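User: Hi, I have a structure open and would like to talk it through. Can you start me off?

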Amino acid sequence: MPTALINGAEIYYEILGYRGPWVTTILGGRRPSTEAKTLARAIASRGYRVINHDRRNCGRSSLDFDTRKSEEDLWASDLRALLDELNVA
């Protein structure tokens with residue numbers, strides 16, 4: 001179970017697929033990435049590399065409520081930093 005320390009939060013992620021363009025799954029609310037796994041596998045089977053991740057405060061990622069920004073802003077910032085960490089252009 002890979003994790004990355006992103007903006008002070010431990011973010012769980014997995015990569016499905018071994019070739020092709022990068023795609024990421026994002027669910028609404030605080031739902032865990034396990035709910036997108038079937039979709040992520042289907043996308044990967046069509047020639048994509050899929051990053052399926054739990055956003056902070058969701059699923060297996062750490063709880064880290066930062067009141068200086070909205071949660072949606074934090075999630076967007078975390079995803080950008082995760083893409084940088086994984087060298088996804």
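Analyst: One definition to begin. Helices (H or I, at least four residues) and strands (E, at least two) are DSSP runs, numbered from the N terminus. This is a predicted model, where local features need pLDDT of at least 70, side-chain atom pairs count only at pLDDT 80 or more, and totals for chains, interfaces and linings use all residues. Residues are numbered from 1 along each chain as its sequence is written, and side-chain values use heavy atoms, with hydrogens and water left out.

User: OK. How many helices and strands does the protein have?

Analyst: There are two helices and four strands. Starting at the N terminus, the order is β-β-β-α-β-α. The radius of gyration (taken over C-alpha atoms) is 13 Å, close to the 12 Å from the globule rule for 89 residues, so the protein is as compact as a globular protein of that length. That rule is 2.2 Å times the number of residues to the power 0.38.

User: What box do the C-alpha atoms fill?

Analyst: Roughly 40 × 25 × 20 Å, along the principal axes.

User: Switching topic. Where is Asn-7?

Analyst: Asn-7 sits in the loop between strand E1 (3-6) and E2. Its phi is positive, about 50 degrees, although Asn-7 is not a glycine.

User: Is Asn-7 buried, exposed or partly exposed?

Analyst: Asn-7 is partly exposed, with a relative accessible area of 43%. Buried means under 20% relative accessible area, exposed over 50%, and partly exposed in between (1.4 Å probe, protein chains only).

User: Which other residue has a positive phi without being a glycine?

Analyst: Asn-87, at about 60 degrees. Asn-87 is in the segment after helix H2 (71-85). Asn-87 counts as exposed, at 72% relative accessibility.

User: And Glu-14, buried or exposed?

Analyst: Glu-14 counts as buried, because its relative accessibility is 12%. Glu-14 lies in strand E2 (residues 9-16).

User: What does the side chain of Glu-14 join up with?

Analyst: A polar contact of 2.9 Å links it to the side chain of Lys-37. A polar contact is a pair of N or O atoms within 3.5 Å; within protein, one must be able to donate a hydrogen and the other to accept it, and residues adjacent in sequence count only if both atoms are side-chain atoms.

User: Which residues is Glu-14 in contact with?

Analyst: Contact means heavy atoms within 4.5 Å. Leaving aside neighbours within four places in sequence, Glu-14 is in contact with Pro-2, Lys-37, Val-50, Ile-51 and Asn-52.

User: Last one. What share of the protein is buried?

Analyst: Buried residues make up 42% of the 89 residues.
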